[in-house]
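Have the model open on the side as you read.

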Amino acid sequence: MCNAQDVKYKICFILTRASCVPSATYGTLSNMIARRRPKINRHAVRALRLSQGFSQVKLASRAGLDNSYVSRIESGQRLHPAPDVTLRLAEALGVPMAALVADVEALAH
């Protein structure tokens, strides 16, 4: 099983490799990156947060994020956060990054 650091490097590699693909293939750069970022499991974020007794504000503070960011992730408004955001959430919750990614298998390819 990959640890959080391994997953972070795989995600960064995918994003780096994706930036070399001509934009005509995928459309705009922002659309391409959004497709390449793994989807976060918003239900896992909420369940882990509640199991540790954290409010959304406390989790955001521990992860160094804006207070509303955790709310947007849990509500489904932000399903593809940047890899460093997912890693910071995982570290704040004390779990591997893979525990927060909806499709861990997608990271391996």
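Among contacts in the protein between residues at least 6 apart in sequence, 61% join residues at least 24 apart; contact here means heavy atoms within 4.5 Å. Keep in mind that this is a predicted model, where local features need pLDDT of at least 70, side-chain atom pairs count only at pLDDT 80 or more, and totals for chains, interfaces and linings use all residues. Residues are numbered from 1 along each chain as its sequence is written, and side-chain values use heavy atoms, with hydrogens and water left out.

The protein has eight helices and zero strands, so the order from the N terminus on reads α-α-α-α-α-α-α-α, with helices (H or I, at least four residues) and strands (E, at least two) taken as DSSP runs numbered from the N terminus. Of the 109 residues, 34% are buried. Buried means under 20% relative accessible area, exposed over 50%, and partly exposed in between (1.4 Å probe, protein chains only).

**Two helix pairs**

Axes are lines fitted to C-alpha atoms, for helices over the stretch in contact, and angles run from 0 to 180 degrees between N-to-C directions.

| Pair | Axis angle | Axis distance |
|---|---|---|
| α5 (residues 56–63) and α7 (residues 83–93) | roughly 110° | within 8 Å |
| α4 (residues 42–51) and α6 | about 125° | 7 Å |

That angle makes α5 roughly perpendicular to α7, while α4 and α6 are therefore oblique to each other. The cut-offs: under 35 degrees counts as roughly parallel, over 145 as roughly antiparallel, 65 to 115 as roughly perpendicular, and the rest as oblique.

What do the helices touch each other with? From α5, L59, R62 and A63 make the contact, and they meet R88, L89, A92 and L93 of α7. By class, that contact has five nonpolar, no polar and two charged residues. For α4 with α6, the contact is made by R42, V45, R46 and R49 on α4 and V70, I73, E74 and S75 on α6. This one has three nonpolar, one polar and four charged residues. In these counts, Ala, Val, Leu, Ile, Met, Phe, Trp, Tyr, Cys and Pro are nonpolar, Asp, Glu, Lys and Arg are charged, and the others, Gly among them, are polar.

**The core and α7**

A nonpolar core is a set of buried Ala, Val, Leu, Ile, Met, Phe, Trp, Tyr and Cys residues joined through side-chain atoms within 4.5 Å. The largest one has 20 residues, and L59, L65, L89 and L100 touch the most other members. Helices α5, α6 (67–75) and α7 each supply at least two residues of this core, and the largest share, six residues, comes from α7.

Helix α7 is mostly covered, with eight of its eleven residues buried: P83, V85, T86, L87, L89, A90, A92 and L93. Leaving out residues up to four places away in sequence, L89 touches I40, L59, A63, L65, V70, I73 and L100.

A44 sits in helix α4 and is buried, at 16% relative accessible area. Its C-alpha atom is 8.7 Å from that of V101, 57 residues apart along the chain.

V57 is in helix α5. Is V57 buried or partly exposed? At 47% relative accessibility, V57 counts as partly exposed.
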